[in-house]
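Colleague: I would like to go through the charged pairs in this model. Please show it first.

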Amino acid sequence: METCSPVVSGRQRERKEPGPNSPFKFSRSWLDNNGKSAVKKLKNSLPLRKELDRLKEDLSNLLQLSDIRWQRSWGIAHRCSQLHSLGRLAQQNLETLQKAKGCTIIFTDRSGMSAVGHVMLGTMDVHHHWTKLFERLPSYFDLQRRLVLLEDQISSLLGGIQVVYIEELQPVLTLEEYYSLLNVFYSRLLKSGAPFHPRSLRGFQMILNSDRYAPSLHELGHFNIPVLCDPANLQWFIHTKVQQARENMKRKEELKVIENELIQASTKKFSLEKLYKEPSISSIQMVDCCKRLLEQSLPYLHGMHLCVSHFYSVMQDADLCIPWNWKNGEAMK
């Protein structure tokens, strides 16, 4: 299942956003009016879509990359232009760019390495900046190894809980920024000496936050832990929430299965070319949306690309966006 970024700059779209508590009225008339426009845009975009797939595959093979992604929802023409630019740089400095072997490259706002180890290429940077980044990759890989070791050391102090970074739920951090957060947290744990029973929290997960003041338990089952959290309070909080965390994790797995089944059913019923959601859409929201979609008869969606989001629009590249909390309009009755 593909996701698109909630960041909208750089991608032209006609959209209308709902109020904080007002679900959209998703009507046949809206689909009729916008569906025709989307079909035309989709037909016009097909050659560029094929070109994008070809460029992405050629560059991935040439540089032996794991993947190429985009943080923002840029249009296809913009993405092709970025790949052409990377391709020209590869022709000039192939050996340097091949240092990224096995990596994922992400086109984004700034250059560097992300907290999860992806190579970030700032789209406003010139080739010189990109080249310097690729030249520095060996030092980034070294920092990445040190970061993994630091995560393991924190885990051993906290009863075996796994320290994770979840891209969809956390601010975009560079590898250096994330390492700094981990290091501060680790130093506080060492000074406190608050004991956790060895392996008592194996199977659980936690993420570090720099913008929170109190620990919390996420609906997906992982613990949100502030970097400056008092270790003694942290120990008490985790142990009082372990059972609930276990139940949340079980529910998460069940929801994921239901979500995938509903996506497949919706894709099949409406003969969609693609059905996906933005990262900010939770599984609970996606399940709710798909269940109500399946109750409708929507022939206008045949062959379309449908994105579940927080607003409705027809993208420049013909994808239809609908808010997850749409509701039946008068025309649907």
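Colleague: Why is Asp58 called partly exposed, rather than buried or exposed?

Modeller: Buried means under 20% relative accessible area, exposed over 50%, and partly exposed in between (1.4 Å probe, protein chains only). Asp58 has a relative accessible area of 40%, so Asp58 is partly exposed. Arg54, at 38%, is partly exposed too.

Colleague: Where do these values come from?

Modeller: This is a predicted model, in which local features need pLDDT of at least 70, side-chain atom pairs count only at pLDDT 80 or more, and totals for chains, interfaces and linings use all residues. Residues are numbered from 1 along each chain as its sequence is written, and side-chain values use heavy atoms, leaving out hydrogens and water.

Colleague: What makes the contact of Arg54 and Asp58 a salt bridge?

Modeller: A salt bridge needs a side-chain nitrogen of Lys or Arg within 4 Å of a carboxyl oxygen of Asp or Glu. For Arg54 and Asp58 the N to O distance is 2.9 Å, which meets that rule. By this rule the count comes to 13 salt bridges.

Colleague: Why are Arg54 and Asp58 about one helical turn apart?

Modeller: Because they are four residues apart in helix H1 (residues 28–63). Helices are DSSP runs (H or I, at least four residues) and strands are runs of E (at least two), numbered from the N terminus. Arg54 and Asp58 also belong to a network of salt bridges with Glu51.

Colleague: How do you know that Asp142 and Arg146 form a salt bridge?

Modeller: Their closest N and O atoms are 3.9 Å apart, so the pair falls within 4 Å. Both lie in helix H5 (residues 137–157).
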